[in-house]
Amino acid sequence: MAEDDNEIILSELDDDELTMQMMDDLYDGLKEEIEEATHILLDRGWTPYDILTKALVAGMTIVGHDFRDGILFVPEVLLAANAMKGGMAILKPLLIETGAPRMGKMVIGTVKGDIHDIGKNLVAMMMEGAGFEIIDLGINNPVEKYLETAAAEGADIIGMSALLTTTMPYMKVVIDTMKEQGIRDDYIVLVGGAPLNEEFGRAIGADAYCRDAAVAVETAKEFIARKHNQMSA
Amino acid sequence: MTDALSRLLETRDWLMADGATGTNLFNMGLSSGDAPEMWNADEPAKIKKLYSLAVDAGSDIFLTNSFGGNASRLKLHDAQSRVRELNRLAAEIGRDVADAAGRPVIVAGSIGPTGDIFAPMGTLTHELAVEMFHEQAEGLKEGGADVLWVETISAPEEYKAAAEACHLAGMPWCGTMSFDTAGRTMMGLTSSAMVGMVDKLAHPPMAFGANCGVGAADLLRTILGFAATGTERAIIAKGNAGIPKYVDGHIHYDGTPELMGEYAVMARDCGATIIGGCCGTMPDHLRAMRAALENTPRGERPTLEAISARLGGFSSEDDGLGEGGAKRERRGRRRS
């Protein structure tokens, strides 16, 4: 850290300024600063859930929007997600202890026949950065792998990725199997990958097509919020 | 001694490269999920056929079946110990096809991305990337490739590592990146930033450019971005045959041979010297491209409007070269 007069001392900021500063620090991918600020807010009596939602998730939302708008690109976003994970690591055990609502759990993998995983990895990193729990199935997954893992883990979301035009139709196989087993509505199904589009997502019966990792995070948050509303209604 | 590609470039003012590899191999029965590189050993006749399709359709350059032939990708198939062998075979089969063509045809040793993300976020380091690319480059050289051909790269770090690996192998090379995110590469590089990066390399490529990405129109916008820098280096255009569409349960690329013929001519007018296709580009497309390039006189550099009118709209409003994209106002910096 630069030893000059302009140096910001996190502990000297009031709550509002500190959360604003955390958003800036997330934006710049400063992991240590995020960890320090998380500890400060905990010491000031903030609940883990408030720190998660009002500082970390709020900050990552700004990052996500600027990624969507072509202002930030993958390298910056991954650094931001890494900083977020630093804060999450501190909060995670406390969130479980306090019984705070979970962000959600996602099972993700590339579909059977598809070995291209960089897009899937980016989504997994950003979803984790946004506070979701991720079960990464890796590449080349048959329908059983998705469904058995989702059931065993009590997942909320099944995410499927494909880079090839020859493998993307397999997503429909997974969704059709879910329908046959009567479990389609138990999960939010998100699909993505370079050759896909919205029309394809609708045609195969997915809940949504996600153009990129930032959209995946936004979409997942929306669907989880809807699910929570339904449960409390 | 000059290399075969340089000699060919001295006699011609444009060259045609090949089209799709994956799309053609799937048509020959490759199963999704299998590594195409295994066929260099297991199905050499089919790989020979793949290369011949491109040569017979008029390609001056074809890429070897070695795109995923680096240790990191082959590890997914537990074949990381076969990098040298599979790359050598890919080039050897290519050498046979090129030498029997009866005209100068260039065997370009394809080198695709590692698929890994660079540190600090990922696991890849410069040294590791150079080592993997170098291993692959030596195999391709051993098999008789005329030139190495790095393609579909997103990260500038990876492009630089590939440059160093080609240098270590003592091979001339060409290298293209994929501009698929609002006119930039996934890692945020613009077309003009790529030119700047390429110019600074200690072992620069003999030609550089763009491949894959979104559609033919987007790709030509990127070529215009290269040309606008005034670069003297030969530019490569290798665009997809349109955009994949899902129709009645199967996928097809919406670019017709006629459209790809128009694309090829426009690519040349945009300033590209080496013109080919990428995903979805079949022999019929290549034949139409060759005929169009031979039968159409050179024209003026097309405008963006002319490109979108002929080839379809762009996937994003701009390509990152304009003044837009205001950065977020920060409250103050804590470190530089």
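The contact between the two chains takes 37 residues from chain A and 28 residues from chain B; two residues are in contact if their C-beta atoms, placed from the backbone, lie within 7 Å. This is a predicted model, in which local features need pLDDT of at least 70, side-chain atom pairs count only at pLDDT 80 or more, and totals for chains, interfaces and linings use all residues. Residues are numbered from 1 along each chain as its sequence is written, while chains are lettered from A and ligands numbered from 1 in the order in which they are written.

**Side of chain A that touches chain B**

- Two or more residues each come from α1 (15-27), α4 (74-97), α5 (118-129) and α8 (198-204) of chain A; helices (H or I, at least four residues) and strands (E, at least two) are DSSP runs, numbered from the N terminus.
- α4(A) gives the most to this side, with five residues.
- By residue type, this side of chain A holds 21 nonpolar, nine polar and seven charged residues.
- Ala, Val, Leu, Ile, Met, Phe, Trp, Tyr, Cys and Pro count as nonpolar, Asp, Glu, Lys and Arg as charged, and the others, Gly among them, as polar.

**Domains of chain A**

- Chain A is assigned domain 1 (10-97) and domain 2 (105-232), with bounds that come from an automatic or database domain assignment.
- Taken over C-alpha atoms, the centres of domain 1 and domain 2 of chain A are separated by 26 Å.
- In the contact between them, 15 residues of domain 1 of chain A meet eleven residues of domain 2 of chain A.
- On the domain 1 side, α3 and α4 of chain A are the elements that give two or more residues.
- α4(A) gives the most to that side, with eight residues.
- The domain 1 side divides into twelve nonpolar residues, one polar and two charged.

**Helix α3 of chain A**

- The 21 residues of α3(A) (residues 48-68) should span 30 Å at 1.5 Å a residue, and the end C-alpha atoms are 28 Å apart, which agrees; the expected span is 1.5 Å times one less than the number of residues.
- α3(A) bends by about 30° at A:V57, where the bend is the angle between axes fitted to the seven residues ending there and the seven starting there.
- Buried residues of α3(A) include A:I51, A:L52, A:V57, A:M60 and A:F67; a residue is buried if 20 or more other C-beta atoms lie within 10 Å of its own, exposed if 12 or fewer, and partly exposed in between, with C-beta atoms placed from the backbone.
- Just after α3(A), A:G70 has a positive phi of about 75°.

**Sheet of chain B**

- Eight strands of chain B form an open sheet with parallel pairing, in the order β1-β10-β7-β6-β5-β4-β3-β2; two strands pair if DSSP finds at least two bridges between them.
- β1 (15-16) and β2 (61-63) of chain B are the edge strands, each pairing on one side only.
- β1(B) runs parallel to β10 (residues 274-277) of chain B and is joined to β10(B) by two bridges.
- B:M16 has B:I275 of β10(B) as its bridge partner.
- β6(B) (residues 207-212) is largely enclosed by the rest of the structure, because six of its six residues are buried.
- Four bridges pair β6(B) with β5 (residues 173-177) of chain B in the parallel sense, and B:G175 has B:F208 of β6(B) as its bridge partner.

**Residue B:A227**

- B:A227 lies in helix α10 (residues 216-228) of chain B.
- B:A227 counts as partly exposed because it has 17 C-beta neighbours inside 10 Å.
- Not counting residues up to four places away in sequence, B:A227 touches B:I235, B:C270 and B:G271.
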